[in-house]
Amino acid sequence: MSAPDFQFPLTEVKENGQLAVNAKTASATFPDALSEGALVGPVFLNGMILAVDDEASFTGEAKGRWKFECTRCLKPLEQEWRAPIEVMVPIDGGPMDLTDEVRQSIALAQPMKLVCKPDCKGLCPTCKKNRNDVACGHSAAPEGDGSGPGGNLEQTHKPRLTPRPNKG
Ligand SMILES: [Zn+2]
Ligand SMILES: [Zn+2]
């Protein structure tokens, strides 16, 4: 196996005091970083490793693109993400491997929810059409009328007593 793309030897850091980092790796390196959605394209890592006393200190940024579904209307969204990375390791501890740090920073940067636009109207609760695209004519679900969750009492509806006619 070749060395991971985000693993950097520290010999040059010891000799020169610094090492510029401009690396990229396939998003397949982080198959489980996101609990939803997916990374798209390569993941980039840019920054600088500096020798600080007996330590090597990396400061930089990981970035890439990811794909989610809009929380409201399920439309696929793709956008750029960036995550700051700061790591310190003993300079004599061998190569510096930032793969795990990047994986963790992706997990932390992942949005709790993502909407395609701030005023996304979401899906119609009646016909499931995307109400951003279609004026289906159904009224929006009533909101803010004080009924708590689970309070979906349809008291005005009479129970259906007659059997459903055969469908054609
Ligand atoms: Zn949406
Ligand atoms: Zn509708």
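Two residues are in contact here if their C-beta atoms, placed from the backbone, lie within 7 Å of each other. The model is predicted: local features need pLDDT of at least 70 and side-chain atom pairs count only at pLDDT 80 or more, while totals for chains, interfaces and linings use all residues. Residues are numbered from 1 along each chain as its sequence is written, and chains are lettered from A and ligands numbered from 1 in the order in which they are written.

**View 1. Glu-69 and its surroundings.** Glu-69 belongs to strand S4; strands (E, at least two residues) and helices (H or I, at least four) are DSSP runs numbered from the N terminus. Setting aside neighbours within four places in sequence, Glu-69 is in contact with Leu-74, Lys-75, Pro-76 and Leu-77. A residue is called buried if 20 or more other C-beta atoms lie within 10 Å of its own, exposed if 12 or fewer, and partly exposed in between, with C-beta atoms placed from the backbone. Glu-69 counts as partly exposed because it has 14 C-beta neighbours inside 10 Å. Look also for Val-115: it is 46 residues from Glu-69 in sequence, yet the two C-alpha atoms are 7.9 Å apart.

**View 2. The whole chain, for orientation.** The protein chain has two helices and six strands, and from the N terminus on its elements run β-α-β-β-β-β-β-α. Of its 168 residues, 15% count as buried. Among contacts between residues at least 6 apart in sequence, 55% join residues at least 24 apart. The average pLDDT, the predictor's confidence in each residue from 0 to 100, is 86 for the chain, and 82% of the residues score at least 70. Please treat residues 144-155 with care: the pLDDT there is below 50, and the stretch has zero contacts in the model beyond near neighbours in sequence.

**View 3. The four-stranded sheet.** Four strands form an open sheet in the order S2-S3-S4-S5, with antiparallel pairing. Two strands are said to pair if DSSP finds at least two bridges between them. S2 and S5 stand at the edges with a single partner strand each, so one side of each has no neighbour in the sheet. Direction ignored, neighbouring strands are turned by 10 degrees against each other on average; the axes are lines fitted to C-alpha atoms (for helices, over the stretch in contact), and angles run from 0 to 180 degrees between N-to-C directions.

View 4. Strand S2 (residues 18-25) is joined to S3 by eight bridges, and the two run antiparallel. Ala-23 has Leu-45 of S3 as its bridge partner, and Lys-24 stands opposite Phe-44 in S3. On the other pairing, 12 bridges join S3 to S4, again antiparallel, and Leu-45 has Ala-62 of S4 as its bridge partner. S3 and S4 form a hairpin with two residues between them, and Asp-53 in the turn has a positive phi of about 55 degrees.

**View 5. Ala-62, a buried residue of S4.** Ala-62 lies in strand S4 and counts as buried because it has 26 C-beta neighbours inside 10 Å. Beyond residues up to four places away in sequence, Ala-62 touches Val-43, Phe-44, Leu-45, Ala-83, Ile-85, Val-102 and Ser-105. The C-alpha atoms of Ala-62 and Ala-23 are separated by 9.4 Å, although the two residues are 39 apart along the chain.

**View 6. Helix H2 on the sheet.** H2 lies across S3, S4 and S5, running at about 135 degrees to S5. Which residues of H2 are buried? They are Val-102, Ser-105 and Ile-106. These residues sit on the same side of H2, because they cover an arc of only 105 degrees around the axis, taken from the directions from the helix axis to the C-beta atoms. An α-helix has 3.6 residues a turn, so residues three or four places apart point the same way. The cover over the buried residues of H2 includes S3, S4 and strand S5 (76-90). Asp-100 and Leu-108 are exposed residues on the face of H2 turned away from its buried side.

**View 7. The largest nonpolar core.** A nonpolar core is a set of buried Ala, Val, Leu, Ile, Met, Phe, Trp, Tyr and Cys residues joined through C-beta atoms within 7 Å. Of the 21 residues in the largest one, Val-43, Leu-45, Ile-49, Met-96, Leu-98 and Val-102 touch the most other members. Strand S3 (38-52), strand S4 (55-69) and helix H2 (99-109) are the elements that give two or more residues to this core, and the largest share, five residues, comes from S4. Leaving aside neighbours within four places in sequence, Val-43 is in contact with Lys-24, Thr-25, Ser-27, Thr-29, Phe-30, Ala-62, Gly-64 and Val-102.
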